[in-house]
Amino acid sequence: MASTSISATSRWSTYDVFLSFKGKDVMKGFTGHLYAALCRSGINTYVDEEKMEDKEKIEAACLNGIQKSRFSLVLLSKDYALSTWCLEELVQILKYKKADDVWPIFYDVDTSHVEEIQGSYKEAFVEHEKHFKEDVLQKWKDALRQVSTLKGLDLPKRLDGRLNRTMLNVAIHPIGLQSRAEGMISLMANELEDIRIVGIYGMGGIGKSTIAKEVYNCLFQTFESSCFLENVREAAHFKGIPYLQRQLLTETSKKKVLLVLDDVDKQDQINKILGKCDWFSPGSRVIITTRMKDFLKPSEMYWQYEVNKMGDNDSLQLLSLHAFGKNHPTEAYMACAKKMVHYCGGIPLALEVLGSSLSGQSVDVWNSRLEKLKVIANDDIHGKLKISYDSLGDFEKFIFLDIACFFTGYDKDYVISILEECGFFPVNGINSLMRRCLVKVGSNNKLSMHDLLRDMGRETVRKEHVVDPGERSRLWHHEDVIDVLTNKTGTRAVEGLVLNMPGLKQYSSSTKVFKKMKMLRLLQLNYIHLAGDYKHISSKLRWLCWREFPLDSIPFDLSLENLVALDIRYSNLNQFFEEGK
């Protein structure tokens, strides 16, 4: 229902702007252009895409959006007053917001018609008089008169000047973060009018992205424009460099910009995104986080900041905060905690995950985990993280692997609805994973996990059968999926399979390749063509995502009886089922 841009929300409010409008499809017309412009500018905007015209009351989720937004934009169009939903929404906006925080936009309507209830607004109320009592009608009229007297705005200037629009969520327990951020800021030398790139490098899990976010939060208000591009490595692989280029704010050209490229792993990513940096104004700064030290050689333009491991004292404090909720362990746990710190090797992610997984556990459980840590090499971060995975219950493991392989970046409630029908009890399971810091849920309700945790989960699946991917429970790697489909080696072991082919040569296969995958419950086949009888596809499917579905109707022999979620956007569908079903 609500959408967010590449930047995270304000530290004080869930949303920057609540957009009130009349219309079921926000992606068309003026409202769609306005919404897109807000998002491109990094303004976290709440839109309600599910307005029901026969409802008189604001639903809880919508009211929550109003209360948790810093400002409200009311798009007063000719048909606005026709919607009782919009009228009630306006009443609530004026109830919870100060006048200075509500900005009317008069779109193709005379201001006097709104204030005096004339023209199309009068016609709307003539209709409402047939169904509503006078006190309700008067309440709506008063709201329209009040909003019509509020001062309009120069939208870009007002938003740029007043919205704290790009504050990023950082660490829950920012131990040692301030000194590291200050070290970075000193390298950036913001008092100079040159263009400077600062690379933050270090091993995975060491806190590079956390430092970059903290620096960004400290400095972005001093720049004319700012942008934080997350997960460049993964986005470049799955969506391509052009996708990343489109994420850059259009306003950055020829301005003093603060740009962060998070998790870069290839030189060409930098070259294609930044070019020659000639589109930046003097004083611009670029921050790059990477595990690679030698992307760019140090020069007057490029500087480097190495993130070192945490010291023992900071490590003990971070572990204790996640395990006990206080700065130091109790005496009974002190010896175990110090040993745990030693084996975690000053890696914040390991301290966070292991500490969270041991919260509330006995000393015996701590000692048991220590014995496992002793046999893991110091540089084996996956092995250290897997100790927390191994302590999960079966359903929690299933949920973790499904998210790691398929559902990072998806809406939490959407995923819960799917996994609920798989019998995994996902509400409790996801809450447990969040408590253990194995999974996070952002302000936009999207599931995420650190890429090391994701890779650890995927490696766990790969080791189910190293040689034959058709014997693994989950298939997501492009080459593995193509191998299984081409050689027809899929088995009952396969529970989930994802194949995306956007921008590539269309891939065609036969439905027979799924014949032995009887336990398949999660399937994504974007931009794929299948020929043959669809009865071969498992009847246990709970999730089917098939972008650009090539047929004009759903085959009658495709079993959808257990399906919870069907996503066939951009398809050629003319009718839902073939005639006869």
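These are my notebook entries on a predicted model of one protein chain.

**Ground rules.** I number residues from 1 along each chain as its sequence is written, and I work with heavy atoms for side-chain values, leaving out hydrogens and water. Since the model is predicted, I take local features at pLDDT of at least 70 and side-chain atom pairs at pLDDT 80 or more, while totals for chains, interfaces and linings use all residues.

**Overall.** I looked up the secondary structure and found 22 helices and 18 strands in the protein chain. Both are DSSP runs numbered from the N terminus: helices are H or I with at least four residues, strands are E with at least two. The chain has 581 residues, and 51% of them count as buried. Buried means under 20% relative accessible area, exposed over 50%, and partly exposed in between, with a 1.4 Å probe and protein chains only. I then checked contacts, meaning heavy atoms within 4.5 Å. Of those in the chain with a separation of 6 or more, 68% join residues 24 or more positions apart.

**Aromatic pairs.** I paired rings of Phe, Tyr and Trp (its six-membered ring) when their centres lie within 6.5 Å; planes under 30 degrees apart count as stacked, over 60 as edge-to-face and the rest as tilted. By this rule I have 20 aromatic pairs. One of them is Tyr333 with Trp366, edge-to-face, with 5.6 Å between centres and 65 degrees between planes. Tyr333 belongs to helix α14 (residues 331-344) and Trp366 to helix α16 (residues 363-374), so this pair ties together parts 33 residues apart in sequence. I find both Tyr333 and Trp366 buried.

I also noted Tyr410 and Trp543, an edge-to-face pair at 5.9 Å centre to centre and 90 degrees between the planes. Tyr410 is in the loop between α18 (394-407) and α19 (412-421), and Trp543 is in strand β17 (residues 543-545), so the pair links parts 133 residues apart in sequence. Tyr410 is partly exposed at 21% relative accessible area, whereas Trp543 is buried at 1%.

**Charges over rings.** My rule is that NZ of Lys or CZ of Arg is within 6 Å of the ring centre and within 35 degrees of the ring normal. Lys256 lies over the face of Phe223, 5.4 Å from the ring centre. Lys397 has its charged end over the ring of Tyr389, 5.5 Å from the centre.

**Helix against helix.** I took axes as lines fitted to C-alpha atoms, for helices over the stretch in contact, with angles from 0 to 180 degrees between N-to-C directions. Angles under 35 degrees count as roughly parallel, over 145 as roughly antiparallel, 65 to 115 as roughly perpendicular and the rest as oblique.

The axes of α17 (residues 381-390) and α21 (residues 451-462) come within 10 Å and cross at roughly 80 degrees. That makes the two helices roughly perpendicular. Tyr389 is also one of the α17 residues that meet α21, where the partners include Leu452 and Met456.

For α19 and α20 (residues 426-435), I noted axes within 9 Å, crossing at roughly 130 degrees. These helices are therefore oblique to each other. Lys412, Ile416, Leu419 and Glu420 of α19 meet Pro426, Val427 and Ile430 of α20.

**Cys86.** I found Cys86 in helix α3 (residues 84-96), buried at 0% relative accessible area. Its C-alpha atom is 9.4 Å from that of Val74, 12 residues away along the chain.
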